[in-house]
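Please find below my notes on the model, written as numbered points for reading beside the coordinates.

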Amino acid sequence: MSIAPDGASRDHPVLVVDFGAQYAQLIARRVREAHIYSEIVPHSISADEIADRQPGAVIFSGGPKSVHVEGSPRIDPDVYRLGIPILGICYGAQLIAAQLGGEVSRTGVGEYGRTAMSVSHPGTLFSPDEDTERPVWMSHFDSISTPPDGFVVTASTPQAPVAALENPDQRIFGVQFHPEVAHTPGGQAVLERFLYRGAGLAPSWTTESFIDEAVAAIRAQIGDGRAVCGLSGGVDSAVAAALVHRAVGHQLTCVFVDTGLMRQDEGQQVIDAFRRSQGIELIAVDAADRFFDALVGVIDPEEKRKIIGELFIRIFEEAANQVDGAAYLVQGTLYPDVIESGSDSAAKIKSHHNVGGIPEEMDFELVEPLRDLFKDEVRAVGHELGLPDEIVWRHPFPGPGLGVRVIGEVTPDKAALLAKADAIVRAEITAAGLEREIWQAFAVLPDIRTVGVMGDERTYGQVVVIRAVTSEDAMTADWARLPYELLEKMSSRIINEVDGINRVAYDITSKPPGTIEWE
Ligand code: XMP
């Protein structure tokens, strides 16, 4: 079977076969960074199904199992007969060796972390211009001890005699190390050599090509119908709306519900960015009173989330019903949401409320133009469509907003106090140039009071907690090691500028065991 050599388009994706590694998404993202479109597929996919997708190449991810364990994940061996270029990473490389007649041994000694690898022969994946010794990131227990017939070994480490192997005629390659992680310095170059040289693919997955294709697809879907889109102020719904607007112009109406639980000035920013700059039809509803009324006396976090989520949907419906004949609902669903909803066995920690979540009784057809994109790609599209940096680079914000950052009962006063403190935290993060390194930085009002002294006076005021985390995907997170000077500046500004606050604390909990939000 022959594959079109320009495999960069969505017609010929690079398929990343997931063997249960935490790295499959990362591999898919790295392939996209090489400007080649990629998708994740389960290892249960058959060779025929792979052939039907006409992929430009296939990459086997790592996995937590040993090929020697019964029931460990396999791939349909007919995949090797399709003539499609294949790269196996870690477990994926061992599987190739085992399935094609090589040997994988349990040496009793694993190799974890940074390791010096020695390249004996550059082959396809390495450059002859680099040192023969280079650092790579390893995480394996078994090792390939004998390559299958027709394969040459191109690199080794002390614990992995076969750290890289290839059969350039069949275009099958394997690496024991992880080229996708940042700890392997030349890792992206190894992936790119596989894609460009090994598989002969051309880099053509670009922001511009995505926008052109998406605009055509949206026009084909909506035709001369009418669409509505719920704007949250966040980047996903903003980019989805801007893209649909580019495709169908005034056939799109956006709805922005100001819950009173937004970040400072956010409502106005959304109105400015969409109605004024982009010329998008926008229904803005100031519903703050309704939300605060509904939250009187409510303390339990899940109850708050439910009340806010349901009220939001009711108000969104009221506004959407003003748009005559709207048959389409635009949503900013991203690729990670699509992958995750396919395998949802995780315990529920919090009930998420996503702005634009489909009101069940409303009969809309969904338009989800971002469902193939990762977050960084969404930002690039937003930038290309002319959205302002404040929106494109905005940190994630939970649907229930400040409602889950004011601990205990939410009142307009507490929300206003928190919004002011939060604006200071974010402004200082931006001023320090850390906005893009930090996943989220915000303030929390734990609603406890402590004694302090200001001037010669005793004070009895509120505490603000600063929360700043680094993360790749919000599934895990680490507390950010912010410079002390920055924390000091935030603290003194909050106390001096926000009346009623006399103490500031910094949250040094990672996720797990904490979550990013406090409720
Ligand atoms: P947690 O607190 O669970 O948050 O660690 C993980 C990420 O999700 C965001 N978050 C939400 N996003 N609707 C959303 O769209 C929600 O109800 C919601 N709750 C939390 C949170 O800000 C973090 O980025």
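1. Basis of the note. This is a predicted model, in which local features need pLDDT of at least 70 and side-chain atom pairs count only at pLDDT 80 or more, whereas totals for chains, interfaces and linings use all residues. Residues are numbered from 1 along each chain as its sequence is written, and side-chain values use heavy atoms, with hydrogens and water left out.

2. Aromatic pairs. A pair of aromatic rings is described by the distance of the centres and the angle of the planes. Rings of Phe, Tyr and Trp (its six-membered ring) are paired here if their centres lie within 6.5 Å, with planes under 30 degrees apart called stacked, over 60 edge-to-face and the rest tilted. By this rule the count comes to 10 aromatic pairs. One of them joins Phe-19 and Phe-60 in an edge-to-face arrangement, at 5.7 Å centre to centre and with 80 degrees between the planes. The pair links distant parts of the chain, 41 residues apart, since Phe-19 is in the loop between β1 (14-18) and α1 (24-33) and Phe-60 is in strand β3 (residues 57-60); helices (H or I, at least four residues) and strands (E, at least two) are DSSP runs numbered from the N terminus.

3. Setting of that pair. Buried means under 20% relative accessible area, exposed over 50% and partly exposed in between (1.4 Å probe, protein chains only). On this scale Phe-19 is buried, with a relative accessible area of 2%, and Phe-60 is buried with a value of 0%. Phe-19 and Phe-60 also belong, together with Tyr-80 and Tyr-91, to one aromatic cluster.

4. A tilted pair. Phe-126 and Phe-177 form an aromatic pair that is tilted, with 6.4 Å centre to centre and 40 degrees between the planes. Phe-126 lies in the loop between β5 (103-119) and β6 (133-146) and Phe-177 in the loop between β9 (172-175) and α4 (187-198), so the pair ties together parts that are 51 residues apart in sequence. Both Phe-126 and Phe-177 are buried.

5. Charges over rings. A charge is taken to sit over a ring if NZ of Lys or CZ of Arg is within 6 Å of the ring centre and within 35 degrees of the ring normal. Arg-405 lies over the face of Phe-442, at 3.6 Å from the ring centre, and Arg-481 lies over the face of Trp-479, at 3.8 Å from the ring centre.

6. The cavity. On a 1 Å grid over the protein atoms alone, a cavity is a set of points where a 1.4 Å probe fits but cannot get out, a pocket is an open set with protein on both sides within 12 Å along at least five of seven lines, and lining residues have an atom within 4 Å of a point. A search of the whole structure finds 1 cavity of 30 Å³ or more; grid points are joined across faces, edges and corners, and a volume is the space filled by probe spheres set on the points. The largest cavity has a volume of about 30 Å³, and its lining includes Arg-263, His-395, Arg-405 and Phe-442. Strand β15 (residues 440-444) gives the largest share of this lining, 3 residues.

7. The second largest pocket. This pocket has a volume of about 380 Å³ and is lined by 17 residues, of which Gln-269, Arg-394, Arg-426, Thr-430 and Glu-435 lie nearest its centre. The elements giving two or more residues to its lining are α7 (266-277), α12 (389-392) and α13 (412-431), and the largest share, 5 residues, comes from α13.

8. Cysteines. With a disulfide defined as a pair of cysteine sulfur atoms within 2.5 Å, the count comes to 0 disulfides. Cys-254 is in no disulfide, and the nearest cysteine sulfur, that of Cys-229, is 4.6 Å away. At 0% relative accessibility, Cys-254 counts as buried.

9. Backbone geometry. Most residues other than glycine have a negative phi, and most peptide bonds are trans. The peptide bond from Lys-511 to Pro-512 is cis, with omega near -15 degrees, and the bond from Pro-512 to Pro-513 is cis with omega near 10 degrees. His-35, in the loop between α1 and β2 (38-42), has a positive phi near 65 degrees and counts as partly exposed at 38% relative accessibility.
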